[in-house]
Amino acid sequence: MAGKPFYILTTPGVKHANLVSPMLDHNTAMLTDGEQFKGFVEELSKAAGVSLPPYQQGTEFVEATLGILKAEHGEEFIQNEKYFFEGIHHINLPVRDINDSIRFYRDFLLLKEIVRPFTFEGAWFGLPSGQHIHLVEDKNLPDRSDFRKKENINPKGCHFALRVEYSRWKAIMDELDFKDLIPDSPEEAVKINQIYIFDPDCHVIEINALTPEQLMLKVRENRQLP
Amino acid sequence: MGYKVFISFTEADKKIAEGLNAFIARGFRGDVSTYCSAVDMRAGMKWKEEIQAHLNNSDAIVCLVTP
């Protein structure tokens, strides 16, 4: 297949089509997006060296595909793809001492440091989802090294959350001896396993996990779980 | 010999694959031909060899990916 034009046509719900075949040079288009499908048809006609089909026929095919998908999966399946933004790309945290913060995020939270295209003091950490945590040093920030003595964490305040796989969540709980924080009935879908911690600059981080039972409910039954 | 496109899909997407196959065949007025097993595979064919041969002989590959 190497060397042949390779096109991936997706339907709503496919999140990482670009990862389907990283070894192959390919174009990706959403079948239910008229403009993207038109782009695919234009690429195909260029590769084949033939003239474009009438635009109307492409529109009809996209409409027909939408109809099939709506009939099979429901209206909401399509509507979910109408979001303008794809997701959160990164959060940026100002930190007083970049080395302290790198130690915290890399050595304590075990995040993977990734290459950063800037020279000013800072660090980037990547997550498997493609999202980043960016740190930028600002030595003028107030020293909050004694904040743990003065402040309580407010879970309703500004924070970000890291999701962890359940077996690792349990390992964290064992390591930190937080067993009493695990809900009594982990099977109960509404209960969330979550803890809140401070980073060296007092940024609040939530760490949470779904039990395998909760995950099953979410995936198989599309339950509205966190 | 026209330009040949191999359409790859799973059974769940058969209807969409058939639609795509019809669109390419009609839209390009025969300048682009397709191989889509949903339409072209006949009972009794040696499907593995058939698919491999069309894959090898195709000029481009279109892959339908669904959740």
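In this predicted model, the axes of helices α2(A) and α1(B) come within 10 Å of each other and cross at roughly 175°. Because an angle over 145 degrees counts as roughly antiparallel, α2(A) is described as roughly antiparallel to α1(B). On the α2(A) side, the contact is made by A:Q57, A:F61, A:A64, A:T65 and A:I68. Their counterparts on α1(B) are B:K15, B:I16, B:G19, B:L20, B:F23, B:R26 and B:G27. Sorted by class, the residues of this helix contact divide into six nonpolar, four polar and two charged.

In general, strands of a sheet pair through backbone hydrogen bonds, either parallel or antiparallel. Here β1(A) pairs with strand β3 of chain B (residues 60–65) in the parallel sense, over five bridges. Within this pairing, the bridge partner of A:T10 in β3(B) is B:V65.

Turning to chain B itself, strand β1 (residues 3–8) and β2(B) pair in the parallel sense over five bridges. B:Y3 stands opposite B:V32 in β2(B). To get from β1(B) to β2(B), the chain crosses through helix α1 of chain B (residues 14–27), and this β-α-β crossover is right-handed. Strand β2(B), which spans residues 32–36, is mostly covered, with four of its five residues buried.

Chain A contains seven helices and nine strands. Of its 226 residues, 17% count as buried. Among contacts in chain A between residues at least 6 apart in sequence, 50% join residues at least 24 apart.

One sheet of chain A is worth a walk from edge to edge. This open sheet has three strands in the order β7-β9-β8, with mixed pairing. Strands β7 (159–163) and β8 (193–198) stand at the edges, each with a single partner strand, so one side of each is left without a neighbour in the sheet. Neighbouring strands of the sheet are turned against each other by 25° on average, direction ignored. β8(A) and strand β9 of chain A (residues 204–209) pair in the antiparallel sense over six bridges. For a reader tracing this pairing, A:Q194 stands opposite A:N208 in β9(A).

A further stop in chain A is A:F120, found in the loop between β4 (112–114) and β5 (122–126). A:F120 counts as exposed because it has 8 C-beta neighbours inside 10 Å, and a residue is exposed if 12 or fewer lie within that distance. The C-alpha atoms of A:F120 and A:E137 are separated by 8.2 Å, and these two residues are 17 residues apart along the chain.

Technical notes:
Residues numbered from 1 in each chain as written. Chains lettered and ligands numbered in written order. Predicted model: local features only at pLDDT ≥ 70, side-chain atom pairs only at ≥ 80, totals over all residues. Buried ≥ 20, exposed ≤ 12 C-beta atoms within 10 Å, placed from the backbone. Helix = DSSP H or I, 4+ residues; strand = E, 2+ residues; numbered from the N terminus. Pairing = 2+ DSSP bridges. Right-handed = clockwise from strand over helix to strand, strands pointing away. Contact = placed C-beta atoms within 7 Å. Axes fitted to C-alpha atoms, helices over the stretch in contact; angles between N-to-C directions. Parallel < 35°, antiparallel > 145°, perpendicular 65-115°, else oblique. Nonpolar A, V, L, I, M, F, W, Y, C, P; charged D, E, K, R; others polar.
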